[in-house]
Every structure is written in structure tokens, then in C-alpha cells.
Amino acid sequence: MSSAAARLGVLASRVRFEEKNILTALERRGVACEQIDPRALSVRAGTPWDGPQIVLNREVGHYRALYAASALESAGVTVLNSAAATAVCGDKWQTSAALVARGLPTPETTLALTPDAALKALEELGYPAVIKPLVGSWGRLVTRVTDRAMAEAVLEHLAALPSPQSHIVYVQREVAKADRDIRVLVVGGRAVGATYRRSEDWRTNVARGAVSERCPLEADLTELAVAAADTVGACVAGVDLLEEPGGRLTVLEVNDRVEFRGLQSTYGSDLDVADTIAALLTAKAES
Amino acid sequence: MQETLVAPECPECDAEVSLGTDARVSEIVECPECRLELEIESVEPPRLLLAPEVEEDWGE
Ligand SMILES: [Zn+2]
């Protein structure tokens, strides 16, 4: 701990398992850290900020996280993950586009600019397919459509929503046999742990009661996860992979403010996820 | 067994909600009686609020 180390902050309006453990890990390392509540935060453009110079973004709300990161960056603060990474990870289309541009495998995806265009796209993509909101997580409003009639009903609903963003439709081919996904946790360019998440529900989010079990960190899986995190510019990332029937791995999404309670419980004392993140933050503060 | 602080009351049902000594501001706890999510507004003295409703853009 050099005396010249930058001040650290953790931005969170909601201190959950993850945030609490990161704060505790920093304390155990003897690192002073300020808890920043974004609900009380305002940042004046172009004016230096008197808060911490390095901030870990753990804000649960996407828009608050995104704009807090951008505002803090404008005040000269280093934010992990960066506002740019949060913008890409928080938008399913931007994530898909970045993965495809990098040449990484990802399920076949189409962006349709109207619900009508989405129906044509679905007919070409084939059923079953999945319609997802551009922004959102925990599997909310993700809809699996199995035929044209169902697609028409879902798209009619989207067309009636008031938000212009709801009329831009993200459509993805369903990966067959995807009754489980793989969550790889990447910290500082290294895959530190991975779990299989299985669910009765076809959406394998832990928030929906999926069960996790440890997944070996094989080279193909870690390389792909690390490349995906790098593609979106995230130094802390939860990369979700799916296995296609032939065993090929494909990147489903990258989460920038990753929840790791399930992964941590799977690893027990073999891995301290919060401390791994605390170590990265400490290293940044000392560099 | 974990040490506990003085237990503040649930703002909804007045049940005592015991907080560990490691309680933090903004931490989310559950009321043992009414199961509502509560937010720790203050640790010294311990004070609880109803936790904010989940918003549409919440997630990881
Ligand atoms: Zn209560």
C-alpha cells in the first residue's frame, strides 16, 4: 500500500451479496474505500471531482450505471468497467455487433427496425427463435416464439408499446439443446471461475432459480470468454456461453456488473471472487 | 453465532430485524416477519427503510 495510491470508491445504490463482499475484501486488504450512492450523486461537467479517482461500478440500474460512469469519466475518474463497456454490454445489439466484428461465435442474430420487419426476419431465421429487449437482464421480457402466429402476437404487443426503442426488435435463432449455459467470470483479462447453470425454465438466469455447478476451466472456454470480455472492453465480466449440439461454444452475452453469488457458492473456499475483484482494483490504484 | 447490533424495527410490520455487526449502509436485508426487502439507511443508529422497487433496467 503506497501512500500515493489513488482513492478507491464502489458505486452502488443497493449493497447486495456481491457489493458487501467486495467492500469487505478491500477492508481486509487494508485498502480504504468509499461507498458512493449514485442516488445522491451529481457531477458537474468539466469540473474536477473531489471523490475517489478509481471507482468500481456496481450500480444495479443500467441507465444509472451508464450515466454515472460517463459523468465520472468526464470528471477525470477511472471507472471499472468503463462507460463504453457498460454501453456495449447493456445493449444486446451492440454486444452482438461487437462480437461479430471481432469474429467471435455468437448465435445468429438479426436486428429489425420495425415489428413488421421483424416478422419477415423471423420467417427467414426460422422457428423457434427468441425475441429480446435491447436493454434488460435477468431474462425479463425475453420471449421464445415457436411459430408465425405467436410471433405476430408478440410483435403486435411490441408495436403497441409507447417507447420507440421497443419497436426495434432483436431477434435471435434459438440454440438447440441449450438447457444449460456456462457463466465464465473474467477479471483483469483472466478467467477465474466458471459454472454451468441449468434450469427447467429455458432462460438459465440464476435470478430465475437456475442451479449452478462448477465447470472446468478448459482452454477453449477460457480463451473465448476472455476474448469476449476484451471485445466489449470489460475488465470485470460475466460471459455467458452456450454449447451448440456439436459442442461448439458460442457467446450469448457479456455482463458488465456481474452477479457472482451463485458462482461463489459453487466454488466455496477454492475461490474468493470478491477478493479477486478487490485485488484488481487495488492494483489499479497503485499503478 | 454472529454478533448483532441493536435490532431496528421493520417500517412495515414493526418486527425487530436483527442486523449483524457487519451491516452496511444501503445493504438489503429481509424482514423475518413480513419478508419485505428493507434497505439499511443508517448503521449508527440502525435504521431501516423499505427497499426501492425493482426497476425495469435492473440487472447485471
Ligand atoms: Zn416486516
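How many disulfides does the structure hold over all chains? In this predicted model, the number is zero.

## Cysteines and the zinc site

A disulfide is a covalent bond between the sulfur atoms of two cysteines. With zero disulfides over all chains, what do some of the cysteines of chain B do instead? The SG atoms of B:C10, B:C13, B:C31 and B:C34 coordinate the zinc ion at 2.3 Å. The angles among the four donor atoms are 104 to 117°, and the site is tetrahedral. Along the chain, the donors are spaced as C-x2-C-x17-C-x2-C. One pair links distant parts of chain B: B:C13 sits in the segment before β1 (28–30), while B:C31 lies in the loop between β1 and β2 (37–42), 18 residues apart.

How covered are these residues? B:C31 is buried at 0% relative accessibility, whereas B:C13 is partly exposed at 32% and B:C34 is partly exposed at 29%. Over in chain A, A:C215 is buried, with a relative accessible area of 2%.

## A covered strand in chain A

Now to strand β9 of chain A, residues 180–187, where eight of eight residues are buried. In a regular strand the side chains alternate between the two faces of the sheet. Here A:R180, A:I182, A:V184 and A:V186 point one way, and A:D181, A:R183, A:L185 and A:V187 point the other way.

## Its partners

β9(A) runs antiparallel to β10 (residues 190–198), joined by eight bridges. The two form a hairpin with two residues between them, and A:G188 in the turn has a positive phi of about 60°. Six bridges also join β9(A) to the antiparallel strand β12 (residues 236–243) of chain A.

A:V187 has a bridge partner in β10(A), A:R190, and stands opposite A:V236 in β12(A).

Key:
Residues numbered from 1 in each chain as written. Chains lettered and ligands numbered in written order. Predicted model: local features only at pLDDT ≥ 70, side-chain atom pairs only at ≥ 80, totals over all residues. Heavy atoms only, no water. Disulfide = S-S within 2.5 Å. Buried < 20%, exposed > 50% of the residue type's maximum accessible area, 1.4 Å probe, protein only. Donors = N, O, S within 2.8 Å, 3.2 Å for Na, K, Ca; no water. Tetrahedral: all angles 85-135°; square planar, octahedral: opposite > 155°, others 65-115°. Helix = DSSP H or I, 4+ residues; strand = E, 2+ residues; numbered from the N terminus. Pairing = 2+ DSSP bridges.
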